[in-house]
Amino acid sequence: MEVTASEDNLYHAYDDSQSSPKRCCTRSRIILVSILLLIICAISGVVVYFVVFKPTLESTAQESSFDYIVVGSGPTGSIVSSRLAANGYTVLLLETGSSTQHSLNGTLRVLDDTTLTLFDIPLDWDVINLNQTYYDEYINSPTTYGNSCCVPETGRSVGGSGAMNAMIYMRGVATDFTAELGWIGAWTNYSNLLTYYMRSENNTDLQAASDAATHNTTGNVHIAYNREYASDTLSSVFLDTCKNTGYGITYDFNTESREHNICGYYQFLVEHGYDGIQHQYNHTIRDSVARAFFGNDEDRKPRLLTIRANAMAIDIVFD
């Protein structure tokens with residue numbers, strides 16, 4: 001089924017660089033409607049802001065119709081859209097939020113002498129939460145949509161929550177994918193799921209030859225231990241205390257049947273040795289799923305994938 005993105009909605013209706021009688025008429029209707037709405041709102045004492053955003057990410061494919069439209073550029077949307085485009089389909093990925101990491105065209109740089117942004121620094125996610133301006137722009141809070149109950153905070157940005165979370169790499173285990181929990185068919189077979197986990201993984205810190213059965217080194221997303229924190233004194237003392245009190249110690253939380261009451265070092269979605277300037281190998285950078293699958297740094301983005309940031313999908317229309 002082909003899904004068509006109409007020129008009269010979303011973005012192109014507001015693109016002044018391309019003019020045509022059809023678009024001019026559309027803009028005229030928009031202006032007329034906007035004036036009427038402003039008059040009505042002024043009477044009722046309501047102020048309305050009309051904001052038009054330009055997209056910040058574009059692929060080389062310039063399409064007015066697409067085989068698939070994916071809404072949301074979080075980890076799932078990033079993988080789905082990239083895999084489809086890599087297999088020959090034209091794909092439009094819509095994201096209501098702004099760009100984040102440098103390789104995703106983010107501009108919120110941490111220092112003047114680097115291209116890295118706040119979202120590239122692995123443990124700077126708390127800065128976004130504590131800065132009200134950043135919080136309002138990049139996070140969907142429980143009250144964003146008028147619901148303060150049972151709605152978690154999520155990322156509103158290119159990369160979704162994966163561009164600003166704590167980056168811990170934690171898979172589901174076999175007992176998470178059972179028929180009793182609603183999974184059906186082949187999805188209850190953990191061996192099938194493991195194939196997809198491994199396909200996306202580029203684990204740079206394998207510990208033993210046996211890891212090859214459950215981990216991969218050729219996928220898109222870099223997985224590694226955080227070397228800066230994994231060897232500090234406090235962490236070592238904590239693990240010694242766990243061992244002395246009877247807890248098990250593991251170096252890999254991502255096994256098929258993860259035990260309870262175990263301690264160890266987590267792995268993270270990070271890439272070691274990239275600084276964004278001279279490719280010097282002395283830094284650790286967040287490797288969000290979005291960066292891994294269509295970041296600009298290594299030309300990862302599939303040619304048939306078009307990404308539009310600051311583009312909110314408000315409706316789904318079936319012909």
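This is a predicted model: local features need pLDDT of at least 70, side-chain atom pairs count only at pLDDT 80 or more; totals for chains, interfaces and linings use all residues.

Me: What is phi for Met 167?

Reply: Near 70°. That is a positive value in a residue other than glycine.

Me: And where is Asn 105 found?

Reply: Asn 105 is in the loop between β4 and α3 (125-130). Its phi is near 70° too, again positive and again not a glycine. Asn 105 counts as partly exposed, because its relative accessibility is 32%.

Me: Zoom out. How many helices and strands in the chain?

Reply: Eight helices and 14 strands. The chain has 319 residues, and 39% of them count as buried.

Me: What does the accessible surface come to?

Reply: About 18,500 Å² for the chain. Carbon and sulfur atoms own 57% of that.

Me: And what share of the contacts comes from residues 24 or more positions apart?

Reply: 54%, counting contacts in the chain with a separation of 6 or more.

Me: Now the sheet with β4. What is the strand order?

Reply: β3-β4-β14. It is an open sheet of three strands with parallel pairing.

Me: How are neighbouring strands turned against each other?

Reply: By 20° on average, direction ignored.

Me: How many bridges join β4 to β14?

Reply: Four, with β4 covering residues 91-94. In that pairing Leu 94 stands opposite Arg 308 of β14.

Me: Which way do the β4 side chains point?

Reply: Val 91 and Leu 93 point one way. Leu 92 and Leu 94 point the other way. All four are buried.

Me: Which helix lies across β3, β4 and β14?

Reply: Helix α2, residues 75-86. Its direction is at about 165° to β4.

Me: Change of topic: α5. Which residues are buried there?

Reply: In α5 (residues 190-199), Tyr 190, Leu 193, Leu 194 and Met 198 are buried. They fall on the same side of the helix, because they cover an arc of only 135° around the axis.

Me: Why would residues three or four places apart point the same way?

Reply: An α-helix has 3.6 residues a turn, so residues at that spacing point the same way.

Me: What do the buried residues of α5 pack against?

Reply: Strand β7 (201-203).

Me: What caps the N-terminal end of α5?

Reply: Asn 189. One of its side-chain oxygens lies 2.9 Å from the backbone nitrogen of Ser 191.

Me: Stay with Tyr 190. What is its relative accessibility?

Reply: 7%, so Tyr 190 counts as buried. Its side chain reaches the backbone oxygen of Gly 172 at 3.1 Å.

Me: What else is Tyr 190 in contact with?

Reply: Leaving aside neighbours within four places in sequence, its contacts include Arg 171, Val 173, Ala 174, Phe 177 and Thr 255. Glu 256 is another contact of Tyr 190. Tyr 190 and Glu 256 are 66 residues apart in sequence, and their C-alpha atoms are 7.6 Å apart.

Me: Arg 171 is on that list. Buried or exposed?

Reply: Arg 171 is buried, because its relative accessibility is 3%. Arg 171 is in the loop between β6 and α5.

Me: Which side chains make polar contacts with Arg 171?

Reply: Tyr 169 is one, at 3.0 Å. His 215 is another, at 3.3 Å.

Me: And which residues does Arg 171 touch?

Reply: Not counting residues up to four places away in sequence, Arg 171 touches several, among them Tyr 190, Leu 194, Tyr 197 and Met 198. Others include Glu 201, Thr 214, Asn 254 and Arg 258.

Me: Great, that covers my list.

Methods
Residues are numbered from 1 along each chain as its sequence is written. Side-chain values use heavy atoms; hydrogens and water are left out. Two strands pair if DSSP finds at least two bridges between them. Helices (H or I, at least four residues) and strands (E, at least two) are DSSP runs, numbered from the N terminus. Axes are lines fitted to C-alpha atoms, for helices over the stretch in contact, and angles run from 0 to 180 degrees between N-to-C directions. Contact means heavy atoms within 4.5 Å. Buried means under 20% relative accessible area, exposed over 50%, partly exposed in between (1.4 Å probe, protein chains only). Accessible areas come from the Shrake-Rupley method with a 1.4 Å probe; for residues, only the protein chains shown count as cover. The arc is that of the directions from the helix axis to the C-beta atoms. A polar contact is a pair of N or O atoms within 3.5 Å; within protein, one must be able to donate a hydrogen and the other to accept it, and residues adjacent in sequence count only if both atoms are side-chain atoms.
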